[in-house]
Amino acid sequence: MNSAGYIPEEPIAAIATALAPAALGIVRCSGKGVIELLAPLFSRPKALLEAAGNTIVYGWLAEPAAGQGAVGRRIDQVLVSVFRSPRSFTGEDMVEISCHGGPGMVTGILHLLTSHGFRAALPGEFTFRSFINGKADLTRAEAVQEIIAAKTDTSRGRAAGRLAGGLFQELDEIKSLLRETLAALEAEIEYPEDEEAIAEAFDNSQLEEARRRLASLCASWSCERLYQDGVRVVLCGRTNAGKSSLFNTLLKEDRSIVSDIHGTTRDWIEGWVSFGGIPARLFDTAGLRESDDEVERHGIQRTQDLTAEADLILYVVDSTVGLTEEDREFLENRRRAENSSDCCGRDDNRPDDNRRDDKPTAGSPPLALVLNKWDKVALHSLSESGMDGLPVDTVVRLSARTGQGTAQLVEEICRLLFRNISHAGAEQVGLGTERQKDCAQAALEAVVHGLEVAEEGYTLDAVVQDVEEALESLGEITGEVTTEDILDTVFSRFCLGK
């Protein structure tokens, strides 16, 4: 099977490391006859041709020379790792050339190879060959790309679990339940105890177990997407509340200018940070206040735009000043916007998440009220009663200057981000892509429908059809059932060299 112009077994080569100055670079090759094709370009062709699989050969890469035993213009001193079929990543003969790093060197070696019989590999072609040669199913193939794109150790670790086969094993066990159910149904149809093979005659316990496990898998996608895609967290509040200090504290570096002068931050800046393994794009924004400065007003408008698009808002207040009219106006405007949204399209059947009526609904970005500079006042002007009735999801007291209270803030951020997501999803094997989620959802719907028709007394043939549809949907996840479109969708996202 070919996909996106891939030609199996054709010798291919690609740069597998970043095009940047580095100590080492790697050029990867795979395909039928790649070792023999590389030998004339290597200073020790006999050693390379006789090398066993999973061994390394030292020598020089060079232009081919006219005389026997001669070495042409030398390119670089290299180590060539040799992998022989079928014990390689792709299942084909492979070589990986470790050279001195740097864009000029690795591109020069790639040009040498493509000038002497190798074709430049397409994105994802190595992993595609691994798939078609039975070295990896689609869940493992997609996990390779997930690991490359991972933004935190947690997201990388969860993808590594899928690469190790955790998701494949779970799907295989669910498919076993469905196959056993299908065998029992077909046996009942073929050899019924009476003339009417009705659905209520079979034991649906295995189908129920498959439904439970599929439902758990589908629910895992919300958690996985959080770890993969990350969130937008916006710091906002009045000028001089300490937003930039908190931004630097959370990033653990001095990125934002800190000053006692009001309006120092004129535009937003951003940085990536991890909150409990969740990648977050953290924004420090211009302070909210009335201003005659055109540039500052433009920055304030950008702050409002970012706040509207945030997944989480951290509203920072100066504890030494207390809640001002501007602060209360911002929070009240948020309440009015939520009430307006509820009137236009609130789902009355949506769970209220055990929150007070004056708090934002489950569909809005949560807001944490951050009382900064808590270390500077002996008698705090913000009493507990002063927090009652505010349209916020949580209140955190901290000092961005000393770092005291920031650990509690991170805990509250994680709690708010997970407030509508099952905590079980963080512990179990999960789905890694939206494609997998769609297929798992289709399988779940087929199983649920099969249980319903069985309960309603339809013939066993109707249940068989639903079970077969569920098996086909799960087969699409692993690649047992596949089409050209599915393969193009999966492998087109890969980078060169993978």
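Biologist: Which residues touch the most other members of the largest nonpolar core?
Modeller: In this predicted model, the largest nonpolar core has 31 residues. Those that touch the most other members are Val-233, Leu-246, Phe-275, Leu-282, Leu-314 and Leu-409.

Biologist: Which element gives the most to this core?
Modeller: The elements that give two or more residues include helix 8, helix 9 (243-251), strand 8 (269-275) and strand 9 (278-284). With five residues, the element that gives the most is helix 12.

Biologist: What is Phe-275 in contact with, leaving aside its neighbours within four places in sequence?
Modeller: Phe-275 is one of the core residues that touch the most other members. Leaving aside neighbours within four places, its contacts are Val-233, Leu-250, Ala-280, Val-410, Ile-413 and Cys-414.

Biologist: How many residues are in the other core that lies apart from this one?
Modeller: Among its members are Leu-167, Leu-214, Cys-439 and Ala-446. Cys-439 is buried, at a relative accessible area of 8%. The count for this other core is 30 residues.

Biologist: How many disulfides does a search of the whole structure find?
Modeller: A disulfide would need two cysteine sulfur atoms within 2.5 Å. Cys-223, for one, counts as buried at 0% relative accessibility. The number of disulfides found in the whole structure is zero.

Biologist: How far apart in sequence are the parts that the pair of Tyr-227 and Phe-418 ties together?
Modeller: The two rings are 6.0 Å apart, centre to centre, with 55° between the planes, and the pair is tilted. Both Tyr-227 and Phe-418 are buried. Tyr-227 belongs to helix 8 (residues 205-229) and Phe-418 to the loop between helix 12 (406-417) and helix 13 (434-455), so the separation in sequence is 191 residues.

Biologist: Is the pair of Tyr-315 and Phe-330 stacked or edge-to-face?
Modeller: Tyr-315 comes from strand 10 (residues 312-318) and Phe-330 from helix 11 (residues 325-345). The centres of their rings are 4.7 Å apart. Planes under 30 degrees apart count as stacked. The planes here are at 20°, so the pair is stacked.

Biologist: Where is Pro-86 found?
Modeller: Pro-86 is joined to Ser-85 by a cis peptide bond, with omega about 0°. Most peptide bonds are trans. Pro-86 is in the loop between strand 4 (74-83) and strand 5 (94-100).

Biologist: Is Lys-373 buried or exposed?
Modeller: Lys-373 is not a glycine, yet has a positive phi of about 60°. Its place is the loop between strand 11 and strand 12 (394-397). The limit for buried is under 20% relative accessible area. At 17%, Lys-373 is therefore buried.

Biologist: What is the relative accessible area of Asn-54?
Modeller: Asn-54 also has a positive phi, about 65°, although it is not a glycine. Asn-54 lies in the loop between helix 2 (45-50) and strand 3 (55-62). Asn-54 is partly exposed, with a relative accessible area of 45%.

Biologist: What pLDDT does the chain average?
Modeller: Of the residues, 77% score at least 70. Over residues 257-266 the pLDDT is below 50, and this stretch has 27 contacts beyond near neighbours in sequence. The chain average is 81.

Key:
Residues numbered from 1 in each chain as written. Predicted model: local features only at pLDDT ≥ 70, side-chain atom pairs only at ≥ 80, totals over all residues. Heavy atoms only, no water. pLDDT = per-residue confidence, 0-100. Contact = heavy atoms within 4.5 Å. Phe/Tyr/Trp six-rings, centres within 6.5 Å; stacked < 30°, edge-to-face > 60°. Helix = DSSP H or I, 4+ residues; strand = E, 2+ residues; numbered from the N terminus. Buried < 20%, exposed > 50% of the residue type's maximum accessible area, 1.4 Å probe, protein only. Core = buried A, V, L, I, M, F, W, Y, C linked by side-chain atoms within 4.5 Å.
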